[in-house]
Amino acid sequence: MNVLSIREMERYDRQIKISELGVEGQIKLKNSRILVVGVGGLGGVAATYLAMAGVGFIRIVDNGILELNNLNRQIPYSEKDIGRLKVEAVAERLKSLNSEIVIEPISEKITSRNIDGLLRDVDLVVDGLDNFETRLIVNDKCIKFRIPFIHGAVYSFEGRLMTIIPGRSPCLRCLIPTAPPEHDTIPVIGPIPGVIGCLEALEALKIITDLGKPFTDKILIFDGLNLEFTSIPIVRSPKCPACSKLTD
Amino acid sequence: MVKIVVKAFATIREAIGEFGKISFEFPEQVTVKNLIEILSKRFGEKFNLEVLDDNGLPKKTIKIFINGRDIEFLDGLHTVLKDGDEVALIPPIAGG
Ligand SMILES: [Zn+2]
């Protein structure tokens, strides 16, 4: 698919007008395939922007059912979605925003058994997960299959972001070798996943269109209480069980 | 005098209060290990629970940076703090 329809030219007009992006960049987006793992605060925001930007195929995976306590932060849902499968509600919302792209909802818990299939034929993965264990499963397979992984996480008034280009930049396991104890419920205020989810979508769009510089080799800490963005350099761990043997 | 700023994130910020930022003045040199001990005394159980492992040392999952440099690449817990240093205590977070 190397052309855009008249309708697509109109829909994406404002971003096609970005000189670096243009029709060429838009066609790259149209032909791209992204997996969003988890569609809560982070994944819901990221998936929404990816759909609006015209990413041609978005696979969304989450086994959750929408609860009332999700609605302080999870953008794609309404009260009428309470009790529904989250992926179904998100898919409906994204299709209503953009009927020219393909959304593939999968209601499954991500495990080491199904992850290979979920990663099949995707160009990039966006992290919308809510626990360390699953993030590390996704991280390790992204490294193995050399799929860029945009990591995001939130807690309370704080957010984190790190882009991982396998073989080139540090991975999540360089930073967190084994999963620390998990929390049952994690406190968070809505704008934090809003900010980080947006930045994850931005990183994904940059990588797909090959524009700018991916946010690798460092972790961004967004401290909402003091409104400070701090970026801390991270290096690849020579002992990393996931990526230390991988070269560019 | 050695002036140090400690910036704590996420769960460690909650243990410390003060929006996670506190300043110290020491009459003599201190190491990162000394600083952790001082914080542990001052903030007690809540801090210890978030930061220390069973041996009373900072948990492996917590990253400690001095002016943006990981202490792993300095002298670890024995790194001597200099006047004006900013020490960041960063636990991993997992929310989505
Ligand atoms: Zn690694």
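Colleague: Where is A:V125 found?

Modeller: This is a predicted model, to be clear. A:V125 is in strand β4 of chain A, which covers residues 124-127.

Colleague: And is A:V125 buried or exposed?

Modeller: Buried: A:V125 has 26 C-beta neighbours inside 10 Å, and the cut-off for buried is 20 or more.

Colleague: What does A:V125 touch, leaving out residues up to four places away in sequence?

Modeller: A:L35, A:V37, A:V138, A:C142, A:I147 and A:F149.

Colleague: What about A:P105, how far is its C-alpha from that of A:V125?

Modeller: Those two C-alpha atoms are separated by 15 Å, with the residues 20 apart along the chain.

Colleague: OK, zooming out. What does the secondary structure of chain A come to?

Modeller: Chain A has 9 helices and 8 strands. Its radius of gyration is 17 Å, close to the 18 Å that the globule rule gives for 248 residues, so chain A is as compact as a globular protein of that length. The C-alpha trace spans about 50 × 45 × 40 Å along the principal axes, and 44% of the residues of chain A count as buried.

Colleague: Of the contacts in chain A between residues at least 6 apart in sequence, what share joins residues at least 24 apart?

Modeller: That share is 69%.

Colleague: Let's do a helix. Which residues of α3 in chain A are buried?

Modeller: In α3(A), residues 22-30, the buried ones are A:G25, A:Q26, A:L29 and A:K30. They cover an arc of only 145° around the axis, which puts them on the same side of the helix.

Colleague: What do those buried residues of α3(A) pack against?

Modeller: Three helices of chain A: α2 (13-16), α4 (41-53) and α9 (191-209).

Colleague: What is B:L89 in contact with, then, beyond its neighbours within four places in sequence?

Modeller: B:V6, B:A8, B:F9, B:I12, B:V51, B:I62 and B:I64.

Colleague: Since we're in chain B, what's the strand order in its open sheet?

Modeller: β2-β1-β5-β3-β4, five strands with mixed pairing. At the edges are β2 (21-26) and β4 (69-70), each with a single partner strand, so one side of each is left without a neighbour in the sheet.

Colleague: How do β1(B) and β2(B) run, parallel or antiparallel?

Modeller: Antiparallel, with 6 bridges joining β1 (residues 2-8) to β2 in chain B. B:I4 stands opposite B:F24 in β2(B).

Colleague: And how many residues make the contact between the two chains?

Modeller: 11 residues of chain B are in contact with 27 of chain A. The chain B side divides into 7 nonpolar, 4 polar and no charged residues.

Colleague: Are they exposed or buried?

Modeller: A:S156 counts as partly exposed, with 19 C-beta neighbours inside 10 Å. B:E18 is exposed, with 10 other C-beta atoms within 10 Å.

Conventions: Residues are numbered from 1 along each chain as its sequence is written. Chains are lettered from A and ligands numbered from 1 in the order in which they are written. This is a predicted model: local features need pLDDT of at least 70, side-chain atom pairs count only at pLDDT 80 or more; totals for chains, interfaces and linings use all residues. Helices (H or I, at least four residues) and strands (E, at least two) are DSSP runs, numbered from the N terminus. The radius of gyration is taken over C-alpha atoms; the globule rule is 2.2 Å times the number of residues to the power 0.38. A residue is buried if 20 or more other C-beta atoms lie within 10 Å of its own, exposed if 12 or fewer, and partly exposed in between; C-beta atoms are placed from the backbone. Two residues are in contact if their C-beta atoms, placed from the backbone, lie within 7 Å. Two strands pair if DSSP finds at least two bridges between them. Ala, Val, Leu, Ile, Met, Phe, Trp, Tyr, Cys and Pro count as nonpolar, Asp, Glu, Lys and Arg as charged, and the others, Gly among them, as polar. The arc is that of the directions from the helix axis to the C-beta atoms.
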